[in-house]
Amino acid sequence: MPEPDQTTLDRRAAIVAAMRRIVRGEGVIDSLDALRAYDCDGLTAYRQTPLVVVLPDTVEQIAAVLHWCSAEGVKVVPRGAGTSLSGGALPLADGVLLGLGKFSSIVEIDPDNRAAVVQPGVTNLAISEAASAHGLYYAPDPSSQIACTIGGNVAENSGGVHCLKYGLTTHNLLGVEMVLMSGEIVRIGGKGLERPGYDLLGLITGSEGLLGVVTQVTVRLLPLPEAVRALLIAFDDVAAAGQCVTDVIGRGIVPAGMEVMDKPAIHAVEAFLEIGYPLDAEALLLIEVDGPEAECAFLVEEITAIARGCGATMVQQSTSDADCERFWAGRKAAFPAIGRISPDYYCVDGTIPRRCLPEMLRDMAEMARRHGLRVANVFHAGDGNLHPLILYDANRQGEFESAEALGAEILTRCVELGGVLTGEHGVGVEKRDLMPAMFTRVDLDQQQRVKCALDPALLLNPGKMFPTLRRCAELGREHVHHGQTRFAELPRF
Amino acid sequence: MAVHRPDSGEALAGIVAECVEARRPMAIRGAGTTDIVIDAETVIDIAAHRGIVDYDPEELIVAARSGTPLAEIEALLASRQQMLAFDPVDPKAISGGAPGGATIGGIVASGNAGPRRVSAGAARDHLLGFTAISGRGEPFKAGGRVVKNVTGFDLAKLFAGSWGTLGVLDTVTLRVVPAPRFEATLIVPCDCVEAGRIMAAGLRHAAAVSCAAWSDGRALFRIDGFRPSVDARFDQLARMVGRPAERADGDGSKRLWNAVRTVEAIPATAALWRVGLPTTRGAAFAEAMAGEGFRVLIDWGGARVWLGGADDGDAGAEMVHQRAATSGGQARLVRASPAVRARAAPPPPDAVTAMLHRRLREAFDPHGLFNPGLDPWER
C-alpha cells in the first residue's frame, strides 16, 4: 500500500472531530480496540487498522464526509459487508473507512416494472427474499449472498454460479444514485432500460470503489423459475468433463449452472459430508437447469444423453428438490471441506477459455509440485471461471509467501491461455501488481485517466486495482518516448 | 474533404495518430446507415477494415474488425446455430428500407438493440472486450475474450453507445448465444392500455417470454427455446392472459418480430422518435401520444415506445420531451430531416452528469477530435 501520509496521521484528532460534526454519536469510531474490527475484509492475510471509521445514515452525511475529505486531502475507503476476497475494502492507515452498513432498507419492490430499489447495505439474498412474495428474484448469487451487500456487489460486479445464463451484476442493474469524491450526487438510470449518454452505470459497476460511493441501487428482478433440476455426472478424465460442457452448449443448451470439481476437491468434500460422490472419478460435473417443468424434463434427458456420449461413468438425475440440494451441498461445501484438511487455504480466481481446462489443470499440478503445495479445484465450467484452492499452513515459515507466488503463477498462466486475472473477485490489493501481465502501460494509463475524470486527487480507495498510482497531471501530458513523438516515421503535413 | 479507408489495424492507428498529431478533427464513419452528418474535413471510413478475427462457437465468442458488416457476422453465426443475443437492427432497415450494410463497429458504438433487449440486454451487455485508437493516437485494449471478467474498469460499457466520440474501434469481441431451436408468438388482439397490463403481467410470468410488443391493435409475446418447452410455456401464457388469441410458429413468428424490430408500423416518411421509460408507463404514454396524432409502436413490454410524427417544424419535440419526462423517461429523435433535427434537441443533462460526460470524453480524446459536434447524450 502507499506509504501513509505523516501529516494526515498527525491531524487525526482534527479529522475525527470533523467527522463527528457530520455524523453524531456512535457513527464515528476512533478507539483503537473498536477500529480493529475493521482491519481487514475477506482477504484476511492483509490487515490495516483504519485512521477512523465513519458510519453515516443519510446520503447528505456521505456527501458531507466526502466533500470534507476532498477539501482536506484525506483518503477514503468505502466498505460494505467487508466480504471482498481481493482486499477491495482493506483500510488505509491514513484514510477514513466509510461503512455503508446503516443503509439497509429496501426502498421499494415494484413487481410490474420487475425492479427493486434498495439501499447499498441490503444483503444480496434479502432482495430475493423480499421479491419472492411477487414470484420474482434477483439473479446474481455470489456464494457470500447471505452476508455480502448489493453496494459491494455493484463495486465488484459480483458473479455467482448462475452467470452463464443470467449474467453478472452489471447485466442486472437498472440504476444507481452515487456520491462522487467531491461530494456531488449523481443519479444514473431508473426503472427503464435506456439511459442516454455514456454508460456511466456500466462504468461504475466493477470499479471497486475507486470512482464513487453508491448510495442507492435499482436492480432488475426476474420471474422465479417454475422448476429446478440438477444432474450429477462423473468422469474418469477431466478432458471428458470439459468435452461434455462443450457439447451441452453446442447442442444449444444454456444451463443455469455448470460446475466442475477435480479429484482433490471431490475427496475433500466426500470426507467432510459423505454425500456418496464417487471417489475414483477424476472430475465431477454438476449441471443445473431451470424453467418450466416441461423444459427441465426435456433438458435433463438431453444432457443425460450428451454425458453418456462423452463417456460419463455415472449420471444421476435429481428427482426432487431434496436431491437437487444434496447434489449442490458438496459443491457449496467445497471451501469448508478444504478448510478441514488444511490449516489454511488461499482461493484464486481466474478465467480461462473453457477448453483449456485439462491443460490448465496439468500445468497447475506441475506448478504446485514445484512450490511443494497442494491444490484442489472448483470451476464454474460454463463461463470458464476457475477457483483453485491452494492448501498451505500459515504457521510454517514462508508457506504463505509460496502460496501467494503460486497463485500469481496460476493467474499469469490464465492470461497466457487467453483468459483474465479475475473472473469475479476483483483486482483489489491482491492482484494489483499482476495487472501488467494483462495490460500494457498504455492500457493502464487509459484506465487511470478514467479514475482521474471522476476523482482527480486520487483520494477514493487508492492503492487498489492499479500497480502504480500516477498523478493525474502526469497522465495528461503527451507521451514522448526517448524524445520522439509517436509514429515519427509518418509524413506530417 | 479527405476520406481515409484504412484496411488494417496498423493503417487505422497510423492515420488516427497522424490526425491527432496535426489536431485534425475526424468524422468516424461505418456504413453510413444513420442520418448523422459530422462537420469535419477528414473522414475515417472503417468499412474496408473488415473481417472476422476469431469465431469460437464452443467458447461462445466472436471477434471482428470494426468495419465487418453485421450481416456477415450474423450469417456466420447462423451457420453454427448461434446469434448475437441483443438482436441488433441495421438502422437503414428501420421502416422498410433496404439494409445498408451496417458495420459491427457502428452497431456497437451506437448501443444498438432490438426487441430481445427486454430479456437479453443490449450491445453493452455483450461486448466483452475491444481494441481502439484513442484521441492521443495510442492503440489500447480493454476487457478480454471471456464472458466472466472483472479485471480493471469496464471500458467496454463506456464504448458501447459512445458514438465514436471516445476512440476509433479497431476490433470488438462479442459474446454469442445459441440460437433458439424453435419459436412461437402469442398474438392477442387488444387496445393499447390493455396491452400495457398484459405485457407487464406476461414479463413477470415464469413462461419466460423473450419479447413483448404491441403494434396495430395486437399484443405480441415471443416464446423461444426447445419445442416441448415452447409449447408448454405458450399454453401457460395463453391461460394467464385469458383472452382470445392466435399463434404464429417458426418463420411466421420471426416475420412478426422482424416487423417490430424494423418499426414497420411507422411510415418511412415520418419523423421517428424513440422513447425509453419504465415498463408500466409505456402504454399510457403511447395512448396519450396516439391521441395527439402520432403513430405508435410499443416494444420491450412498454419500456420502449416508437412514435411517428410529421417530419416538419420540431416534430412535436417540445411536447414529446415534456410528456416523456413526466412519464419518467426520455425521448430521442432517431430519424428526421436536418432542419427538424436542429429544433428537436433533448433537454441537457444535469450539471454533474454533464461534467462527467465532458471529463470522460477528455480522458480518451483530450483534443476533442473524434466526431466533433456529435453528443452521445442526444442520440
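This tour walks through a predicted model of chains A and B, one selection at a time.

**Before you start**

Residues count from 1 along each chain as its sequence is written, and chains are lettered from A, with ligands numbered from 1, in the order in which they are written. Because the model is predicted, local features need pLDDT of at least 70 and side-chain atom pairs count only at pLDDT 80 or more, while totals for chains, interfaces and linings use all residues.

**Stop 1: confidence in chain A**

The average for chain A is 93. A score of at least 70 is reached by 97% of the residues. Now select residues 479-488 of chain A, where pLDDT stays under 50. For that stretch the model has 10 contacts beyond four places in sequence. Two residues are in contact if their C-beta atoms, placed from the backbone, lie within 7 Å.

**Stop 2: where the chains meet**

Show both chains. The contact takes 79 residues from chain A and 76 residues from chain B. On the side of chain A that touches chain B, the elements giving two or more residues are α8 (200-204), α9 (238-250), α11 (293-309), α16 (435-438) and α17 (441-454). Helices (H or I, at least four residues) and strands (E, at least two) are DSSP runs, numbered from the N terminus. Which element provides the largest share of this side? Select α17(A): it gives 9 residues. By type, this side of chain A divides into 32 nonpolar, 30 polar and 17 charged residues. Here Ala, Val, Leu, Ile, Met, Phe, Trp, Tyr, Cys and Pro count as nonpolar, Asp, Glu, Lys and Arg as charged, and the others, Gly among them, as polar.

**Stop 3: the five-stranded sheet of chain A**

Next, select β5, β6, β8, β9 and β10 of chain A. These 5 strands form an open antiparallel sheet in the order β5-β6-β10-β8-β9. Its edges are β5 (106-110) and β9 (185-189), each pairing on one side only. The twist averages 10° from one strand to the next; axes are lines fitted to C-alpha atoms, for helices over the stretch in contact, and angles run from 0 to 180 degrees between N-to-C directions. Two strands pair if DSSP finds at least two bridges between them.

Walk across the sheet from β6(A). Strand β6 (residues 115-118) pairs with β10(A) over 4 bridges, in the antiparallel sense. Find A:Val118; opposite it in β10(A) stands A:Val217. Then β10(A) pairs with β8(A) over 6 antiparallel bridges. There A:Thr218 of β10(A) stands opposite A:Gly175. Strand β8 (residues 173-179) continues to β9(A) with 5 antiparallel bridges. On that side the bridge partner of A:Gly175 is A:Gly189.

Is β10(A) enclosed or open? Of the 8 residues of β10 (residues 213-220), 7 are buried, so the strand is largely enclosed by the rest of the structure. A residue is buried if 20 or more other C-beta atoms lie within 10 Å of its own, exposed if 12 or fewer, and partly exposed in between, with C-beta atoms placed from the backbone.

**Stop 4: strand β3 of chain A**

Select residues 75-79 of chain A. This is β3(A), and 5 of its 5 residues are buried, so it too is largely enclosed. Both faces are covered: A:Lys75, A:Val77 and A:Arg79 lie on one side, A:Val76 and A:Pro78 on the other. A:Arg79 stands opposite A:Gly99.

**Stop 5: the three-stranded sheet of chain B**

Switch to chain B. An open sheet of 3 strands has the order β1-β3-β2, with parallel pairing. Edge strands are β1 (2-4) and β2 (26-29). The average twist from one strand to the next is 20°. β1(B) pairs with β3 (residues 42-45) over 3 bridges, and B:Val3 has B:Val43 as its bridge partner.

**Stop 6: two positive phi values**

Most residues other than glycine have a negative phi. Select B:Gln81, whose phi is near 55°. B:Gln81 sits in the loop between α2 (70-79) and β6 (82-83) of chain B. With 14 C-beta neighbours inside 10 Å, B:Gln81 counts as partly exposed. Then go to B:Trp163, where phi is also near 55°. Its loop runs between α6 (155-159) and β9 (167-175) of chain B. B:Trp163 is buried, with 23 other C-beta atoms within 10 Å.

Conventions: pLDDT = per-residue confidence, 0-100.
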